[in-house]
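This report is written for a reader who meets the structure for the first time. Please keep the sequence and the model in view while reading.

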Amino acid sequence: MSAGIAAGILLAGAGGRLVMRLLAVMSPEEQGRLTEANETIGEITLGFIVFAGLFAGLSAALLYSVLQRWLPSGRLGGAIFGSGLLVGLSAVEPLRADNRDFQILGPGWLSVLAFGLLAVLHGMLVAAVAARLSRAVPLLHRTRDLWAYAPLLGSLLLLLLAAPAAAAIVIGAIIQAALAGTVIRWAAPNWEARWRQPWVTLAGRVVIAMAVLAAVPAFTLSVSEILAARP
């Protein structure tokens, strides 16, 4: 959650607005028009950075927590994760061809390049912050270990104040994960050893690769339409 908030605000939120600002500079005739998100072209608003960043960042971080088991460690894993997001979610964001912003801002090649780089960097930052917290924050074995979780609890408080609905989803996911872990440990005491077997790693990576490859045609079509919209 903390990794998602950090990456979301810094890259998905602030980075996304900076990319839009760059595209606005390249399209001076469109200054003052409204974007698809009802934001004024040429302006950078703090509210959009926070709320858009929180949603995108938390969504990416939750997905990373699921897929991290099958990704390489370090920057490479983050870059692969970000690239997978870019291709797999092209029908949603950021390179969604039916987004009318790509018809009024451009050129298209700059939009594709900037948002593509932003997605890869976003994945790398999520992985980096998550890895840093994993090393720095101890597991809860003693009461005094709770102090190490103060930043995480602060992130949750920030999320509760900024986006109660998103906070409810995150809290529900944490509770479900804890309950699922308890059930798994009771039903299969040796589940962790089985989970770490090489064939599980291979199978997971094959499934992820197939899912990304299945999204490549739609991603290619979206990119080609964006490039054609603003040559």
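Not counting residues up to four places away in sequence, Ala-130 touches Ala-3 and Tyr-64, where a contact means heavy atoms within 4.5 Å. The C-alpha atoms of Ala-130 and Ala-3 are separated by 5.3 Å, although the two residues are 127 residues apart along the chain. Ala-130 is found in helix 5; helices (H or I, at least four residues) and strands (E, at least two) are DSSP runs, numbered from the N terminus.

The model is predicted: local features need pLDDT of at least 70 and side-chain atom pairs count only at pLDDT 80 or more, while totals for chains, interfaces and linings use all residues. Residues are numbered from 1 along each chain as its sequence is written, and side-chain values use heavy atoms, with hydrogens and water left out.

**The chain as a whole**

The protein chain contains nine helices and zero strands, and along the sequence its pattern reads α-α-α-α-α-α-α-α-α. Of its 231 residues, 36% count as buried; buried means under 20% relative accessible area, exposed means over 50%, and partly exposed lies in between (1.4 Å probe, protein chains only). The chain exposes about 13500 Å², of which carbon and sulfur atoms supply 72%. Such areas come from the Shrake-Rupley method with a 1.4 Å probe, and for residues only the protein chains shown count as cover. Among contacts with a separation of 6 or more, 71% join residues 24 or more positions apart.

**Nonpolar cores**

Which residues touch the most other members of the largest nonpolar core? Of the 20 residues in this core, they are Val-19, Leu-23, Leu-95, Phe-115 and Phe-219. The core's elements with two or more residues are helix 1 (2–25), helix 3 (74–88), helix 4 (101–104), helix 5 (108–136) and helix 9 (198–229). Helix 5 provides the largest share, six residues. Apart from this core lies another, of eleven residues, among them Ala-60, Tyr-64, Phe-81 and Val-126. A nonpolar core is here a set of buried Ala, Val, Leu, Ile, Met, Phe, Trp, Tyr and Cys residues joined through side-chain atoms within 4.5 Å.

Leaving aside neighbours within four places in sequence, Leu-95 is in contact with residues including Phe-102, Ser-111, Phe-115, Phe-219 and Ile-226. Ser-111, in turn, lies in helix 5. Besides Leu-95, Ser-111 touches Leu-23, Phe-102, Leu-105, Gly-106, Gly-116 and Ile-226, not counting residues up to four places away in sequence.

**Helix 3 and its partners**

Helix 3 has 15 residues and reaches 21 Å from its first C-alpha to its last, close to the 21 Å expected at 1.5 Å a residue; the expected span is 1.5 Å times one less than the number of residues. Its buried residues are Gly-77, Gly-78, Ala-79, Phe-81, Gly-82, Leu-85, Leu-86 and Val-87. Not counting residues up to four places away in sequence, Gly-78 touches Val-120, Gly-123, Met-124 and Ala-127.

His-122 has its place in helix 5. Why does His-122 count as buried? His-122 counts as buried because its relative accessible area is 9%. With neighbours within four places in sequence left aside, His-122 is in contact with Ala-7, Gly-8, Leu-11, Ala-12, Ala-56, Gly-57 and Ala-60.

| Pair | Separation in sequence | C-alpha to C-alpha |
|---|---|---|
| Gly-78 and Ala-127 | 49 residues | 5.1 Å |
| Ser-111 and Leu-227 | 116 residues | 8.4 Å |
| Ser-65 and Val-126 | 61 residues | 9.8 Å |

Gly-78 is buried, with a relative accessible area of 0%, and Ser-111 is likewise buried at 0%. Ser-65, found in helix 2 (residues 46–67), is exposed, with a relative accessible area of 51%.

**A nonpolar surface patch**

On the surface, Leu-157, Leu-160, Leu-161, Ile-171 and Ile-175 form a nonpolar patch with about 460 Å² of accessible area together. Patches are made of residues with over 30% relative accessible area and no salt bridge, with like charges joined within 9 Å and nonpolar side chains (Val, Leu, Ile, Met, Phe, Trp, Tyr) within 5 Å. A salt bridge is a side-chain nitrogen of Lys or Arg within 4 Å of a carboxyl oxygen of Asp or Glu. Helix 6 (150–162) and helix 7 (164–187) each supply at least two residues of the patch, and helix 6 gives the most, with three residues. Leu-160 is found in helix 6 and is partly exposed, with a relative accessible area of 37%.
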